[in-house]
Amino acid sequence: MADYAAAGVDLEAGDRAVELMKSAVTSSHNDTVVAGAGGFAGLIDASALRGMKKPLLASSTDGVGTKVAIAQALDIHDTIGQDLVAMVVDDIVVTGAKPLLMTDYIACGHVEPQRIADIVRGIAAACAEVDCPLIGGETAEHPGLMKPDEYDIAGAATGVVDADDVLGAHRVEDGDVIIAMAASGLHSNGYSLVRKIVSESGWKLDRHVDELGRTLGEELLEPTRLYTRACLGLIDELNEDAVRTFSHITGGGLGANISRIMPRGHYATIDRSSWMIPPIFTLLSTLGNVEWASMESTFNLGVGMVAVVEQSQADRAIDFLTHSDMRPWVLGRVIERVPSGFSNTTVVQGAKGVDGGSALLYGKPQIN
């Protein structure tokens with residue numbers, strides 16, 4: 001007799017996974033979460049929005065790409081959740097929005113309860129860190145479509161910002177200072193290229209790499225840094241309107257992502273010599289014989305988030321971000337003219353469908 005179990009779907013395993021993850025999910029909740037609604041949908045108390053002049057909801061959704069293949073190869077699943085939260089929530093904060101809630105989705109070939117619970121535990125812990133309650137999710141078993149040990153994850157989040165406080169290119173002015181915040185590593189972008197390089201090199205994930213101070217696999221699985229609290233804190237710390245905007249450095253690298261937040265006719269100068277490129281990037285470039293231009297348009301190269309601030313507030317911003325453990329430095333400035341006098345330049349404009357300003361990368365990178 002045919003039934004759901006015979007088709008490869010284990011409902012009891014799904015229930016066990018829910019029990020294992022329940023306490024972790026609850027730990028991400030704050031006072032806005034309304035419990036006991038039946039489980040079909042999560043509820044948030046939005047009463048605070050009544051105090052805003054014109055509340056705008058900000059929404060973002062993403063996954064972590066093929067980085068999940070590294071987690072699966074190493075059989076380590078409790079860190080990939082932080083990558084998911086960072087990819088989603090740190091896109092919302094770029095607008096100046098405070099995150100209100102997050103949901104997740106896990107598709108897998110077979111529900112192994114502990115593995116699923118580990119993934120969700122990582123998501124919930126990161127949600128708690130950025131004060132964004134994880135209020136719902138779904139785990140779907142896809143036998144025959146995915147291998148038993150395969151899975152993919154995605155998430156969506158919603159935040160809110162008052163219309164008068166929305167950050168963006170419309171706030172950016174000539175002379176503003178561009179401040180970089182350090183990345184924790186590769187974050188969650190470029191892993192199709194990373195995996196190709198590693199595969200063709202013959203290197204194993206358990207290989208200890210002296211310049212990294214750990215194994216290759218440990219480096220590649222390093223979770224994405226979370227910037228939400230620091231960014232929102234910076235907005236509160238500085239004088240009114242001193243924070244112009246942020247840029248989350250994800251796929252496309254520095255040039256593509258920073259050009260998106262520049263107004264038309266403006267250039268963001270990016271001094272390549274202002275920071276030391278972390279060793280993982282030079283290692284990948286060497287191992288895969290990847291030209292630096294390709295590295296620059298694929299990876300973050302050590303810069304995870306960028307803030308554009310009023311020039312008079314730059315020192316104060318650096319001080320705040322330093323105390324927030326963001327390891328900041330001045331990356332460049334905003335200029336309103338055709339740039340001249342720069343050497344080794346690359347100009348990026350119109351990236352990712354945004355017909356805005358330009359990013360001008362100049363100088364030589366500092367490579368370990």
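Asn-289 sits in the loop between α9 (279–288) and α10 (292–296), where helices (H or I, at least four residues) and strands (E, at least two) are DSSP runs numbered from the N terminus. This is a predicted model, so local features need pLDDT of at least 70 and side-chain atom pairs count only at pLDDT 80 or more, while totals for chains, interfaces and linings use all residues. Residues are numbered from 1 along each chain as its sequence is written, and side-chain values use heavy atoms, with hydrogens and water left out.

**The loop residue**
- Asn-289 counts as exposed because its relative accessibility is 71% (exposed is over 50%, with a 1.4 Å probe and protein chains only).

**The cavity**
- There is 1 cavity of 30 Å³ or more (on a 1 Å grid over the protein atoms alone, a set of points where a 1.4 Å probe fits but cannot get out).
- The largest cavity has a volume of about 40 Å³, meaning the space filled by probe spheres set on points joined across faces, edges and corners.
- Its lining (residues with an atom within 4 Å of a point) includes Trp-275, Trp-292, Arg-272 and Glu-296.
- That lining splits into 7 nonpolar, no polar and 2 charged residues; Asp, Glu, Lys and Arg count as charged, Ala, Val, Leu, Ile, Met, Phe, Trp, Tyr, Cys and Pro as nonpolar, and the others, Gly among them, as polar.

**The second largest pocket**
- This pocket (an open set with protein on both sides within 12 Å along at least five of seven lines) holds about 430 Å³.
- Of its 21 lining residues, Gly-96, Val-161, Asp-165, Ile-235 and Asp-236 lie nearest the centre.
- β6 (151–162) and α7 (228–237) are the elements giving two or more residues to that lining.
- The pocket lining has 10 nonpolar, 2 polar and 9 charged residues.

Conventions: Buried < 20%, exposed > 50% of the residue type's maximum accessible area, 1.4 Å probe, protein only.
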